[in-house]
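Student: I would like to learn how to read a protein model. Please show me the model and take me through its features.

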Amino acid sequence: MLRCGGTRHPRIPRLRRCNTTTTTAKPFYITTPIFYPNARPHIGHLYSLVTADIIARYQRILNPTRPVVFLTGTDEHGLKVQQTALAKGVDPLEWCNTVSMEFVKLAQRANVSGTVFARTTHESHKNTVRHVWRALDAQGLIYQDTYEGYYSTTDECFYPPSRISPHPTLPNTMIATETGSVVEWSRELNYKFRMSSFRDALLAHYTRAAALNTRAKEDLTVRGVHPDIHQLRIIRDLEMEPLEDLSISRPRERIGWGVSVPDDPTQTVYVWFDALLVYLSGIGYPETRNAWPPDVQVIGKDIVRFHAIYLPAILLALKLHLPTTLLAHAHWTANQKKMSKSLGNVTDPMQAMDNYGVDAVRFYLARVGGRFRDDVDWSEDQLRKHADEIRNLLGNYFLRMTSRVIKDRVRDAISAAQDKSFQKLLSHQLAEVDLSKTLDISAYAESNAPCTLEDFLPLLNNLGGVVSDCMRNLEVAESLHTIVQVLRHANTLLTNLAPWSEGHSPTIALSSYLTALETLRIVGILLQPFLPGTAAKLLSALGVSETERSVAYAHVGRGSVGGEDVLSVKGTKLFSIPARN
């Protein structure tokens, strides 16, 4: 039996503090899966972190006065960690200390703005687990019984016969149908949670959530499980299959690395029961619960059942509200195969960021992986292509528009103006533009490219609203695609208008310059969740005040650029090109 030795938790670097502005509003609460530290982080972990970070950062610029609580962390108990530590000849906690720090470093390197890094080996978490166990036990919802069935060490999961199938190649071997992990027959005495009692309530919850998704207009449109394919499967399973009681402990002689069952030192709390409660312990439950429930929980599609059935059943038993939305993303693959150490096809996220830059990798993950429905193949060529895309459309556009030749022509155009401020000059230009049109995402299609600045400015004015609509539906890729389309149109107009040409009037240079600065200001605001480092550099170069970087200012004519002289804006190199091997 392995036990925690004398190794203590190292001091974890503090993550970003949540907004402490005084408000009575419930904080926006978002979580990632807590990652299993039996191996070092891979690109899938970065995908979850960046996805959650984009949503968290968007919420901060959508409503700057509302605090955001953003939880991530590590799930450090269970048989896999116990076996890994034993194989390496180290104490389990020592191993967890080492690997959990790798996840902290990954989040920091990727500019992830988490506010809580939770670890299931923290004593505060263990206290929450014991509290919940006793609360369920006091209601008669926990009983002792003999479990006989299939268990997967890889998934740390008990599986009913309905979720088991024969291995496609190995005789006399069974696997979990959903994950493909090998399962073994197990018979042991443990404790069970009366999860079956909550089948009807869970079915009603997801059926109601699916109906609300078709009608909701405000805040998060998506409720229940997103994408809807997962929600429909949960509804179907609850309708078609009985919901069995859940084994929530294992004999301590088999698993010693975990929380002991209250009042029974011969049993260890089942690792998933333990881990799922981190979303409560991370906000201080039971003493503190003001952030509950989570508004969004970002998870991988392979752990939907744990978060859509197990956790909600426990929450219903505790009489707590259920999370609003589970965002179940697909996986990154290599040559259409799941990444794994054994196949040698795992992508190192740190190496990717070193080679291409943090924001380039974030851009690629969101642009290509932000639809969440289908697995996506990781490609160095595609990463390079998308890194070049944003560098050209944004970085080069900024440098072109602030070039000396264009500024000289703008200077000629405004030489007689008494007020040379951006806002005054832009307001004069906007007097002849109709910004009253309301446009939806279809207006941003490639085929609808505007031919004039007057056609382009309504697109730019509506961009903030269209991005907000997409983000309400957790359509991250669509949000980013729309921003990229506006940049693409802006670059095309610049080429067509050629404001540097002596053959055109200086007023063309002025209107092009003002439109470009306004485009960069609005795009910079909206890119903050996706490319936080680059967007901050851009907005600072434009002289955009910290108080004018929220979504409310992402409309034409609503914010300012530079100071008293519109020509004071200096072009800055937004992207560095890291050395590539």
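Student: What should I know about the model itself?

Tutor: It is a predicted model: local features need pLDDT of at least 70, side-chain atom pairs count only at pLDDT 80 or more, and totals for chains, interfaces and linings use all residues. Residues are numbered from 1 along each chain as its sequence is written, and side-chain values use heavy atoms, with hydrogens and water left out.

Student: How many helices and strands does the chain have?

Tutor: Both are DSSP runs, numbered from the N terminus: helices are H or I with at least four residues, strands are E with at least two. The chain has 18 helices and 18 strands. Its radius of gyration is 27 Å, close to the 25 Å given by the globule rule for 581 residues, so the chain is as compact as a globular protein of that length. That radius is taken over C-alpha atoms, and the rule is 2.2 Å times the number of residues to the power 0.38. Along the principal axes, the C-alpha atoms fill a box of roughly 90 × 50 × 45 Å.

Student: What percentage of the residues is buried?

Tutor: Buried means under 20% relative accessible area, exposed over 50%, and partly exposed in between, with a 1.4 Å probe and protein chains only. Of the 581 residues in the chain, 58% are buried.

Student: Which backbone features are worth checking one by one?

Tutor: Most residues other than glycine have a negative phi, and most peptide bonds are trans. N111 sits in the loop between α3 (92-109) and β3 (116-119), while N172 is in the loop between β6 (164-166) and β7 (174-176).

Student: Is N172 buried or exposed?

Tutor: N172 is exposed, at a relative accessible area of 84%. N111 is partly exposed, at 31%.

Student: Where are the cis peptide bonds?

Tutor: One runs from Y285 to P286, with omega near 10 degrees. Another runs from W292 to P293, with omega near 0 degrees. P286 lies in the loop between α8 (278-281) and β14 (296-300), and P293 is also found in the loop between α8 and β14.
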